[in-house]
Amino acid sequence: MPYSPVPPQEFVIEEIICKELQDDPKTEWSIALTASLILKHIATYSINLVLTFDEGGVSGHANHIAIYKAFSHLAFVGRIPEDCQVLSLQTISILRKYLSIFELPISWLLPSSFCCIIGPNEYKKAKEAMFHHRSQLLWFRRLYILFSRYMFVNTFRAVPVEKNDVKFY
């Protein structure tokens with residue numbers, strides 16, 4: 001399992017504002033619209049690495065799953081640029097999810113394309129970011145901050161990309 005640290009200044013985090021894509025764990029997003037916005041941003045910012053969700057959406061969040069479906073569709077039809085790699089965050093069982101830092105050996109031993117281990121400074125920044133969204137900071141999110149392994153370790157799998165353009169008629 002390769003590990004290569006990426007300096008924070010190399011990251012571009014872009015928020016997409018679109019009235020048709022409301023943040024709601026139960027709302028289904030249009031895969032076509034989501035895919036077109038993704039492609040636009042990849043091209044606009046010359047993005048060569050995307051970290052996204054897997055088919056489980058980490059917590060079953062419909063918006064997260066829609067993003068994965070959009071990337072899967074783009075990968076299947078060969079629309080993701082050749083120089084862009086897509087990695088999806090692995091959804092794990094609820095038991096493993098709340099083992100906190102004790103889940104690290106399990107993540108290290110199981111196969112993945114990329115493993116990201118969060119240090120104390122990064123944990124502090126992630127915690128501060130969560131506290132900036134006070135309206136969403138419900139009791140279960142406080143438990144998440146304390147016990148979720150996603151606050152300490154994240155494992156990703158490569159999304160396979162087709163090399164040929166596939167045309168549907």
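This tour visits the sheet and then the aromatic pairs of a predicted model. Local features need pLDDT of at least 70 and side-chain atom pairs count only at pLDDT 80 or more, whereas totals for chains, interfaces and linings use all residues. Residues are numbered from 1 along each chain as its sequence is written, and side-chain values use heavy atoms, with hydrogens and water left out.

**The sheet**

Select the strands (DSSP runs of E, at least two residues, numbered from the N terminus). Four of them form an open sheet in the order β1-β2-β4-β3, with mixed pairing (at least two DSSP bridges between two strands). Strands β1 (49-53) and β3 stand at the edges with a single partner strand each, so one side of each has no neighbour in the sheet.

Next, select β1 with β2 (residues 85-89): the two pair in the parallel sense over 5 bridges. Here Val 50 has Val 86 in β2 as its bridge partner.

**The aromatic pairs**

The model holds 3 aromatic pairs (Phe, Tyr or six-membered Trp rings with centres within 6.5 Å; planes under 30 degrees apart are stacked, over 60 edge-to-face, the rest tilted). Select Phe 114 and Phe 156, a tilted pair at 5.8 Å centre to centre and 45° between the planes. This pair links β3 (residues 114-117) to β4 (residues 153-158), with the two residues 42 apart. Phe 114 is buried at 15% relative accessible area (buried is under 20%, exposed over 50%, partly exposed in between; 1.4 Å probe, protein chains only). Phe 156 is also buried, at 7%.

Finally, select Trp 139 and Phe 140, whose ring centres lie 5.8 Å apart with planes at 90°, so the pair is edge-to-face. Trp 139 is exposed at 63%, and Phe 140 is partly exposed at 37%.

Terms used:
Helix = DSSP H or I, 4+ residues; strand = E, 2+ residues; numbered from the N terminus.
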